[in-house]
Number of protein chains: 2
Amino acid sequence: MKATPVRLKVLEVLSTTHLALSPSELESSFSKVDRITLYRTLKDFEEAGMIHKIIDTDGVTRFAFCNNNCPDATHTEDHVHFNCKKCHKMFCLAHVQTPSLQLPDGFTSTGINTVVHGICKYCS
Amino acid sequence: MKATPVRLKVLEVLSTTHLALSPSELESSFSKVDRITLYRTLKDFEEAGMIHKIIDTDGVTRFAFCNNNCPDATHTEDHVHFNCKKCHKMFCLAHVQTPSLQLPDGFTSTGINTVVHGICKYCS
DNA sequence: TAATAAACGCAACATTGTTGCATCTGATTA
DNA sequence: TAATCAGATGCAACAATGTTGCGTTTATTA
């Protein structure tokens, strides 16, 4: 994978925020980036395990960098995210453990996606 | 809210399945229903608290009827759903309790959306 | 049965995401 | 440093999903 300007910029933005950002949010955070290129960049990063995709409470697709705080280097989706009702930002709560659940017979879990919604630290 | 054929059909389908269905799945389950009418019907039902919206692991919007099994009559989103990787169906696990989480200081929760993914009872 | 407010269905549009293809560019090698 | 070429980019075109406006139809109710 080549180190191109678009890729470096996306990595820089995602690695310096604790938020999960949508493609359109990323697009508007730097000018003159082709929408299609951005989608492809995010897809490549995701497949390379550098970022992960989360769908927020409203169905918006968002991407988050998994930084060193992340307790799980294998980037499973057992992360807890917090979606603020007011500012609509999506926070990656890396320190919050995903709880274990008791599933009905016959169901096998390979990952749990938890999205807490409410009011964030900065809006309350 | 009037009792129209479309509404009765949607209610019938949603109330007799344990799955959360997408608008397009509903559309194809009965013929000659206008797509727009279906969207409006689902929106009305959701606002009336009769069904609730869940976004699945792939970002697909789905709707589920909350039947009598549902432990919470107020229809908060503290439901646990199970998204099968194989058949892509979304099961409403009404009997599984949403676990409580320890949030960082300043964050207040008003609901938790949990989507477990894995292999369902019928695919394993 | 007549009146009417609500629901329906069509056209048109907006957003999000994907694919094909020609062009450009960053890393490698000579 | 210059040539090379796989890989990255950007444009056009398309597909899926969801919304709005508006004229017509229909379920209630009187």
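Reply: A polar contact is a pair of N or O atoms within 3.5 Å; within protein, one must be able to donate a hydrogen and the other to accept it, and residues adjacent in sequence count only if both atoms are side-chain atoms. The model is predicted, with local features needing pLDDT of at least 70 and side-chain atom pairs pLDDT 80 or more, while totals for chains, interfaces and linings use all residues. Residues are numbered from 1 along each chain as its sequence is written, chains are lettered from A and ligands numbered from 1 in the order written, and side-chain values use heavy atoms, without hydrogens or water.

Consider DNA strand D. Arg40(B) instead faces a base oxygen of DNA strand D, at 3.5 Å from a side-chain N or O atom. Helix 1 and helix 3 of chain A, together with helix 3 of chain B, are the elements that give two or more residues to this surface; helices are DSSP runs (H or I, at least four residues) numbered from the N terminus. Near DNA strand D (a heavy atom within 4 Å) there are 18 residues, of which Thr4(A), Arg7(A), Arg40(A), Arg35(B) and Tyr39(B) come nearest.

DNA strand C is likewise surrounded by 18 residues, the closest being Arg35(A), Tyr39(A), Thr4(B), Arg7(B) and Arg40(B). Sugar and phosphate supply 54% of the atoms of DNA strand C within 4 Å of the protein. Phosphate oxygens of DNA strand C lie 2.9 Å from a polar side-chain atom of Tyr39(A) and 3.0 Å from a side-chain N or O atom of Thr61(A). The side chain of Arg40(B) places a polar atom 2.6 Å from a base oxygen of DNA strand C.

Behind this surface, the axes (lines fitted to C-alpha atoms over the stretch in contact, with angles from 0 to 180 degrees between N-to-C directions) of helix 1 (residues 5-15) and helix 3 (residues 35-47) of chain A come within 10 Å and cross at roughly 65 degrees. Helix 1 of chain A is therefore roughly perpendicular to helix 3 of chain A, a term that covers 65 to 115 degrees. Residues in contact (heavy atoms within 4.5 Å) include Val10(A) and Leu14(A) from helix 1, and Leu38(A) and Phe45(A) from helix 3.

Definitions and conventions. Angles under 35 degrees count as roughly parallel, over 145 as roughly antiparallel, 65 to 115 as roughly perpendicular and the rest as oblique.
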